[in-house]
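Trainee: Before I use any of these labels in my notes, I would like to know what stands behind each of them.
Mentor: Then ask about them one at a time.

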Amino acid sequence: MTTNHRAARRRGTAYGVKAAPYGFLAPAVVLFALFFALPIGYALWLSLRKIEISGLGLGKGARQEVWAGLENYTATLTDAELGHGALRVLGYGAIVVPVMLGLALLFALLLDSERVRARSFSRLAIFLPYAIPGVIAALLWGFLYLPDVSPFHYALDRLGLPGPDLLDGGPLFLSLANIAVWGGTGFNMIVIYTSLRSIPAEVYEAAKLDGASPLQIALRVKIPMVAPSLVLTFFFSVIATLQVFSEPTTLKPLTNGVSTTWSPLMKVYNDAFVNGNIHAASATAVVLAAATFVLSFGLLRLANSRTAQGETR
Amino acid sequence: MTTLAAPPSARKRPPAAGTTPGTAQGPPRPRRTALLPTAVLALGALYCLLPVAWVLVASTKSGTELFSTFSFLPGTGFTGNVTDLSAHRDGVYWQWMANSLLYAGLGAVLSTAVSACAGYALAMYRFRGRETVFHVILAGVLVPPVILAIPQYLLMAEAGMADTRLSVLLPLILSPYGVYLGRIYARAAIPAELIEAGRMDGAGEGRIFLRIAVPMMAPGLVTIFLFQFVAIWNNFLLPYIMLGDDTKFPMTVGLFTLLAQGSNTPALYTLVITGALLAIAPLIALFLVIQRFWSLDLLSGAVKS
């Protein structure tokens, strides 16, 4: 690089200027090729291969990697346990995404309201869980769900009521959803709040002069104006939710209610590193990634067409 | 929303930061505290602080107190717990802490440097393939970590680097979101005329970048650093897959294995809880310190005009 600069300085030409952006981009491009493009290609390749075992599978050459065609994909798509996992995660996502974004929007609107007190304290407190790893969040809540430790069970016990098992069956979904909502609301709130604050004041002034109440302004002016950031937070929340892994994995030691294949991602991990079938795991990972793309872009398109309709009206 | 008269005590308080001066007791039209919205927001804050408050209390409990006393009743065993935690397997816990700081600290520094260079190039130069490069890197945001993690592990194993510190550090250096933020900040903060002036004075491109661009992008670079620091600090999947030797574990994987062992020996639970408290303390402290001169808004790519 230094030679380029010297050359440019000497000649005073645009040579250095022309080469410079490629130099600046080189580290990013090399890292992208090594840690994004290459692994994706390798995963696709692996998903089309399989291990063929001849005889008893002992000795050299008994295990051979051969072409599998779409075999791994057929197996993935017809796997009942994976289907159940997908349904569990869809159910979980159907709770997490609306509740988390609803709360994020509500808190952002309240932060943006003039007559609300202790805003900087609340903002920081609600943002705080962002700095806490999902594993530790799941660990903290996991203890708060354990009957012997939980304040909820303590209170119910004092009232003479039986405490529900928060780590199994239906309540488990709510317990897991709660961890995600707790962890994700603050960041989304900040994104929406930032977008609220970029709305010029004149927009409200007109509504205020017309005698609109703060609630009306929030519903009719503010929410439509932050629609793009809502769509964005929605999009990323869906992607993150479908890939849930750390939280159920962390709760597993505390309960029998979470199986090793509770979420599709846990199944991928299990296939690859417990059962040692990297080919099946790669096919499942590719299907999972494709499903995430289709679902998140489908929802994004739906949301965008809604927003567009709202604007033309 | 319903507005109720504020109690007198609330009116005496000085206006909260960010409110227009005089809103609390301005003579022409006194604005009152909106009680219900304030209460709702405070409730949200309380909900978010609840587990943190609990772990603060629970870390003071001895093993028997944990399962026998009320959740929020402080115990007597804090120093004992910290001593036990430090003694556990020759202090492996502090090794995890050091590892997490190394992965997140060094990883975030490198990530910020790569994002700054790439973002600057994408914002300030016009060249062939610029938009293609930008969009391909940005699409990386959408790639689920799962599809990357397994082949990344296999490729690392192939290269003989599985179960090394580098195998956790290297894959997280490039952050597509970091590059995206870098481009936004560079475009917003650096006037093109200044770059031209630097060239007129005969400064090389690298010198212009380091001496003119980097200082102007500084608030944005702090943001990228924090974003990546938190992302790596919070990461679980990659180190969980890559590492087998527990002296290389980051905090997340370490505490997870401790918890998993605890299901057989509940005595480890107090260690897990104390460990969790000590693990979240540095990041909370970091945010409390940094928020004085850094705005949370920057995190979503907001740029003040």
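This is a predicted model: local features need pLDDT of at least 70, side-chain atom pairs count only at pLDDT 80 or more; totals for chains, interfaces and linings use all residues.

Mentor: In chain A, the axes of helix α8 (residues 169–197) and helix α11 (residues 227–242) come within 10 Å, crossing at roughly 155 degrees.

Trainee: Why is α8(A) called roughly antiparallel to α11(A)?

Mentor: Angles over 145 degrees count as roughly antiparallel. The crossing angle is roughly 155 degrees, so α8(A) and α11(A) are roughly antiparallel. Their crossing is right-handed.

Trainee: Which residues make the contact of α8(A) with α11(A)?

Mentor: From α8(A) they are A:Ala180, A:Gly184, A:Asn188, A:Val191, A:Ile192 and A:Ser195. From α11(A) they are A:Ser229, A:Leu230, A:Thr233, A:Ser237 and A:Thr241. By class, this contact has seven polar, four nonpolar and no charged residues.

Trainee: What makes A:Val268 a buried residue?

Mentor: The cut-off for buried is 20 or more other C-beta atoms within 10 Å. A:Val268 has 29, so A:Val268 is buried. This residue lies in helix α13 (residues 264–274) of chain A.

Trainee: What is A:Val268 in contact with, leaving aside its neighbours within four places in sequence?

Mentor: A:Ala281, A:Thr284, A:Ala285 and A:Leu288, together with B:Val146. As for A:Gly257, 11 residues away in sequence, its C-alpha atom is 19 Å from that of A:Val268.

Trainee: Why does B:Ser62 count as partly exposed?

Mentor: Buried needs 20 or more neighbours, exposed needs 12 or fewer, and partly exposed is in between. B:Ser62 has 16 C-beta neighbours inside 10 Å, and therefore counts as partly exposed.

Trainee: Where in chain B is B:Ser62?

Mentor: In the loop between α2 (35–58) and α3 (63–68). Beyond four places in sequence, B:Ser62 is in contact with B:Gly75, B:Thr76, B:Gly77, B:Gly80 and B:Thr270. B:Gly77 is 15 residues from B:Ser62 along the chain, with 4.7 Å between their C-alpha atoms.

Trainee: How many helices and strands does chain B have?

Mentor: There are 14 helices and zero strands in chain B. Of its 305 residues, 43% are buried. Among contacts in chain B with a separation of 6 or more, 71% are between residues 24 or more positions apart.

Trainee: How do you know that residues 97–290 of chain B are an "ABC transmembrane type-1" domain?

Mentor: The name comes from the UniProt annotation, an unreviewed entry, and such annotations may be inferred rather than shown by experiment. What the model gives for residues 97–290 of chain B is 78% helix and 0% strand, with the end C-alpha atoms 21 Å apart.

Trainee: Which residues of chain B does UniProt list for "transmembrane region"?

Mentor: The unreviewed entry lists 34–57, 101–122, 134–154, 166–186, 208–233 and 267–290. In the model, residues 134–154 of chain B are 76% helix and 0% strand, and 28 Å separates the end C-alpha atoms. For residues 166–186 of chain B, the figures are 71% helix, 0% strand and 30 Å between the end C-alpha atoms.

Note on methods: Residues are numbered from 1 along each chain as its sequence is written. Chains are lettered from A and ligands numbered from 1 in the order in which they are written. Helices (H or I, at least four residues) and strands (E, at least two) are DSSP runs, numbered from the N terminus. Two residues are in contact if their C-beta atoms, placed from the backbone, lie within 7 Å. Axes are lines fitted to C-alpha atoms, for helices over the stretch in contact, and angles run from 0 to 180 degrees between N-to-C directions. Angles under 35 degrees count as roughly parallel, over 145 as roughly antiparallel, 65 to 115 as roughly perpendicular and the rest as oblique. A crossing is left-handed if the near helix is turned anticlockwise from the far one by less than a right angle, and right-handed if clockwise. Ala, Val, Leu, Ile, Met, Phe, Trp, Tyr, Cys and Pro count as nonpolar, Asp, Glu, Lys and Arg as charged, and the others, Gly among them, as polar.
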